[in-house]
Amino acid sequence: MKLQSYFIILNEIFRQTFLTKSDYDFICTFTNSTHKNFKNLKKDLYEDTNFISSIEKKYYQIRGKKLSLLKYEEWNRLLYYLIRLMKPEIIVETGVFDGITTSFLLKALKENDMGHLYSIDLPAYETIKGSTHKMRFTTLPGACDVGWVIPTELKDRWTLYKGSSKEHLKPLLDRLGHTDFFLHDSLHTYENMLYEYETAWPYISDGGILASDDILWNTAFYEFAGKIKRDYLSKYHFGTLKK
């Protein structure tokens with residue numbers, strides 16, 4: 001990693017450590033939600049024991065490891081709150097793997113009773129360097145396929161395209177015409193992250209969101225934010241830009 005890139009990452013780690021806002025402040029920046037409304041959404045999520053227990057139970061049965069859904073990769077909560085409050089009609093996501101994050105997105109769409117999620121995923125039947133090699137598990141389990149943990153009752157608002165974002169992202173966005181929310185969570189190389197940001201941004205509707213997981217892996221997210229002259233917000237190594 002170049003020295004300049006190294007200092008950019010160090011600065012972001014410092015910023016997230018000492019200047020990170022609360023979940024409510026983060027969400028309010030994009031939605032103007034009242035604190036009461038936010039608390040109700042949080043209560044709805046935490047008290048939905050069917051959603052939580054079904055995923056945790058299935059994960060344990062297949063992976064053999066316990067999963068605390070509301071503590072595992074906390075940024076999933078932020079996604080749920082954003083989708084509930086923004087009520088997007090179209091979400092485009094790259095990267096699914098087991099389907100934990102996808103489950104949060106689909107649950108939010110179900111609660112909104114509107115919207116559809118289009119996901120692109122290159123199945124990790126083998127470890128994918130730059131994507132799954134740093135994860136708790138680096139491949140999909142046994143005979144399980146992409147999104148195996150997603151509750152069946154949530155899948156009616158979901159369309160999956162298997163393959164890379166280089167293959168599917170631009171053609172999908174061309175067919176859809178626009179997206180209200182774009183999430184990068186696939187191959188976390190500098191080149192691929194920048195490609196996805198630059199490809200998706202022109203299609204994001206006014207007031208829509210470009211979001212990305214693992215923004216500390218390289219400088220692509222910060223450089224893109226500078227290029228389009230947009231302030232970004234980050235929490236839990238998760239970054240967001242508003243169109």
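Q: Which strands does helix α8 lie across?
A: In this predicted model, α8 (residues 190–200) lies across β1, β4 and β5.

Q: And what angle does α8 make with β4?
A: About 180°.

Q: What about α7, which strands does that helix lie across?
A: Helix α7, residues 165–176, lies across β1 (90–94), β2 (116–121), β3 and β4 (179–184). Its angle to β1 is about 175°.

Q: OK, the sheet then. What's the strand order?
A: Going across, the order is β3-β2-β1-β4-β5-β7-β6. That's an open sheet of seven strands, and the pairing is mixed.

Q: Which ones are the edge strands?
A: β3 (158–162) and β6, each of which pairs on one side only.

Q: How much are neighbouring strands turned against each other?
A: On average by 15°, ignoring direction.

Q: In what sense do β6 and β7 pair, parallel or antiparallel?
A: Antiparallel, over four bridges. β6 covers residues 232–235 and β7 covers residues 238–242. One of the pairs to look for is K235, whose bridge partner in β7 is F238.

Q: How many residues sit between the strands of that hairpin?
A: Two residues. Y236 in this hairpin takes a positive phi near 55°.

Q: How does β5 pair with β7?
A: β5 (residues 204–212) pairs with β7 in the antiparallel sense, again over four bridges. Here you can check I209, which has K242 as its bridge partner in β7.

Q: Switching to helix packing. At what angle do α2 and α5 cross?
A: Roughly 35°, and their axes come within 10 Å. α2 is residues 23–31 and α5 is residues 75–86. As for handedness, the crossing is right-handed.

Q: Which residues make the contact?
A: From α2 you have D23, F26, I27, F30 and T31. α5 brings R77, L78, Y81, L82, L85 and M86.

Q: How do those residues divide by class?
A: Eight are nonpolar, one is polar and two are charged.

Q: New topic, pockets. How much space is in the largest pocket?
A: About 660 Å³.

Q: Which residues lie nearest its centre?
A: F97, S131, T132, M135 and D185, out of 38 residues that line the largest pocket.

Q: Which helices and strands supply at least two residues of that lining?
A: β1, α6 (100–112), β2 and α7 each do. Of these, α6 gives the most to the lining, with three residues.

Q: And what's the lining like by class?
A: The largest pocket has 15 nonpolar, 13 polar and ten charged residues in its lining.

How values were computed:
Residues numbered from 1 in each chain as written. Predicted model: local features only at pLDDT ≥ 70, side-chain atom pairs only at ≥ 80, totals over all residues. Heavy atoms only, no water. Pairing = 2+ DSSP bridges. Axes fitted to C-alpha atoms, helices over the stretch in contact; angles between N-to-C directions. Left-handed = near helix turned anticlockwise from the far one by under 90°. Contact = heavy atoms within 4.5 Å. Nonpolar A, V, L, I, M, F, W, Y, C, P; charged D, E, K, R; others polar. 1 Å grid on protein atoms, 1.4 Å probe; cavity = no way out; pocket = protein on both sides within 12 Å on 5 of 7 lines; lining within 4 Å. Points joined across faces, edges and corners; volume = space filled by probe spheres on them.
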